[in-house]
Amino acid sequence: KIVPGIPTVINGPTDACPFIGLPATAVYSIDPVANATSYTWTVAGAATIASGQGSTSIEVNFLSGFTTGNVRVTANSNCGNRAPRSLSITKIAPLAPASIAGPTDVCALIGTLTPVNYSIDPVVNADSYTWTLPANVTLISGQGTTSISVTFDNGFVTAPIKVKSVSNCATSGDRSITAVAATASTPGSISGPTNACAFIGSGTEAVYTIRQIANATSYNWQVPAGATITTHPGGLGVNDTIVNVTFNNAFVSGTSITVQAVACIPSATRSLSVTRVLPTTPGLITGATNACPAMVSASNPSGTPVLYMIRKIANATSYNWTAPSGSTITAHPDGVGVNDTTIEITYSAGFVSGAVTVAAVNDCGAGSIRSLSITRLTPGAPGAITVVNTATCPNRVYTYTIPAIPSNATSVLWTVPALGTIISGQGTTSITVSYTSAAIVGTVKATGYNNCSNGSTRSININLAACPPGFAGKLNTEINSIVNTTEKMSVSVSPNPTVADFKLQVITAGKEKINVKILDLQGRVFKTITVMPFQTVSVGADLKAGSYLVEVTQGKNKLTQKLLKF
């Protein structure tokens with residue numbers, strides 16, 4: 001009695017996916033087994049035997065609900081059978097494709113209709129392949145296969161191309177490749193001058209720069225009307241990050257220089273506003289507002305230049321100064337141009353009033369004007385006169401004093417009664433007056449004056465009784481006593497002021513000859529004479545109207561007094 005053996009191996013597909021839910025059948029077979037008279041096949045899971053039961057080969061249908069199972073076969077005889085042979089059957093899903101081959105940088109292909117190929121290696125257990133394309137990519141051929149051909153249309157932006165493996169019972173995950181349509185980032189700030197005034201009409205180039213931008217293949221620079229790009233120092237293309245620009249007189253304020261980075265997708269535009277900026281109004285002008293002390297006069301025939309100054313102004317290339325009528329700009333100490341912030345003005349004798357003006361200037365024009373009013377100021381009234389008696393009869397000496405030089409005055413003009421002599425102090429705030437022994441009735445007056453005019457007068461009445469009889473003969477002795485006591489030299493000039501000549505007498509204890517010089521206020525010598533102590537001489541008849549100085553020198557003693565000729 002011989003029982004058949006176990007079938008050696010079942011031949012047939014172990015992956016049910018190609019057959020699940022389809023009319024197609026899967027064939028399973030074995031080699032004949034010795035002593036077997038028939039074969040019994042069984043299938044487990046959602047599958048049925050379509051044909052071949054009892055033979056060495058069967059056909060199997062896998063239903064749509066199949067997930068896993070097995071096929072078994074037993075060799076039979078009249079003597080019995082042994083254990084079955086089994087073959088496990090499963091659903092095997094295909095893996096995702098390993099990688100996609102094809103170009104990633106497609107900038108040069110966009111909008112050209114040039115076919116581009118993307119491909120994968122075949123995937124085990126895959127029946128077909130599904131390709132997914134982004135917007136503005138058109139499939140030419142190859143859907144379902146391992147290789148496709150596409151074109152990139154205008155408007156394409158960076159996006160992935162995807163493919164998945166497909167079988168009858170499962171689909172893999174996506175494999176993708178990113179097709180890059182590079183977008184350039186917006187350029188950073190443009191560096192360069194924002195005020196075109198220094199360049200307008202000069203032919204001088206203004207330089208504008210940006211940093212280099214990733215993915216940019218070139219740059220699109222634009223300049224406004226009235227401006228011209230003269231050179232691209234870095235050349236055109238990827239290094240075009242610098243431009244030199246000139247401006248002509250047609251340039252309008254408030255327009256912009258722009259730049260755009262060029263790539264598959266150009267960047268946003270960066271702009272820099274460029275204007276025509278006039279200089280600001282100068283700050284306050286510093287300088288004298290009263291022209292009188294400096295005006296041309298008989299004693300000052302050339303006048304005294306007066307300085308006027310401002311601070312330097314941003315954006316200014318020069319300055320427009322004007323002097324009032326009756327005056328002249330005589331010097332620009334710092335030169336004309338950008339440093340012309342100081343001038344000298346000389347006022348004529350006919351000056352009345354007006355304004356010094358200045359405006360800052362650049363190539364766009366002049367800014368607003370700053371002005372300083374200049375006038376002729378009349379001296380103010382002197383303060384109260386105080387009196388001090390320093391010597392008594394027969395040579396009475398009094399000192400008359402006011403508190404200060406009157407406002408706007410350059411000197412003080414004193415007048416005394418006819419029998420009084422100003423020994424010293426004429427032109428100052430204090431005079432010393434010598435009176436004779438006779439009765440004195442009159443007025444001491446103080447008047448402030450300058451080169452323009454005299455001010456109002458302050459006066460004090462004088463009423464001195466005559467000295468008692470007998471004092472007159474002692475006059476010279478008393479004078480010598482006063483001089484010897486003080487050991488100082490004094491000068492008597494009268495009348496002062498005068499319209500004719502001055503009577504000059506030097507009172508001194510010294511016996512040496514005395515040198516007398518007549519000078520103007522600039523120190524120029526008009527006349528030199530020699531006199532003896534107590535000698536009275538006439539001087540000044542040939543002088544023109546104006547202010548002068550008399551300088552008296554004896555040995556080491558020197559005395560200066562101011563003279564006023566009407």
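## Aromatic pairs and overall form

The count of aromatic pairs comes to nine, where rings of Phe, Tyr and Trp (its six-membered ring) pair if their centres lie within 6.5 Å, and planes under 30 degrees apart count as stacked, over 60 as edge-to-face and the rest as tilted. This is a predicted model, in which local features need pLDDT of at least 70 and side-chain atom pairs count only at pLDDT 80 or more, while totals for chains, interfaces and linings use all residues. Residues are numbered from 1 along each chain as its sequence is written, and side-chain values use heavy atoms, with hydrogens and water left out.

**Ring pairs**

- One of the pairs is formed by F199 and F247, whose rings are tilted, with 6.5 Å centre to centre and 45° between the planes.
- Because F199 lies in the loop between β13 (175–179) and β14 (206–209) and F247 in strand β17 (residues 242–247), this pair ties together parts that are 48 residues apart in sequence.
- F199 counts as buried at 14% relative accessibility, and F247 counts as buried at 3%, where buried means under 20% relative accessible area, exposed over 50% and partly exposed in between (1.4 Å probe, protein chains only).
- Y347 and F351 form an edge-to-face pair, with 4.8 Å centre to centre and 65° between the planes.
- Y347 counts as buried at 0% relative accessibility, and F351 is likewise buried, with a relative accessible area of 0%.
- F19, F62 and F66 are linked into a cluster by ring pairs.

**Fold and dimensions**

- The protein chain has one helix and 40 strands, these being DSSP runs numbered from the N terminus (helices H or I, at least four residues; strands E, at least two).
- The radius of gyration of the protein chain is 61 Å, whereas a compact globule of 566 residues would have one near 24 Å; the value is taken over C-alpha atoms, and the globule rule is 2.2 Å times the number of residues to the power 0.38.
- The C-alpha trace spans about 200 × 45 × 40 Å along the principal axes of the protein chain.
- Among contacts (heavy atoms within 4.5 Å) between residues at least 6 apart in sequence, 59% join residues at least 24 apart.

- Of the 566 residues of the protein chain, 39% count as buried.
- The protein chain exposes about 26,800 Å², of which carbon and sulfur atoms supply 53%, by the Shrake-Rupley method with a 1.4 Å probe.
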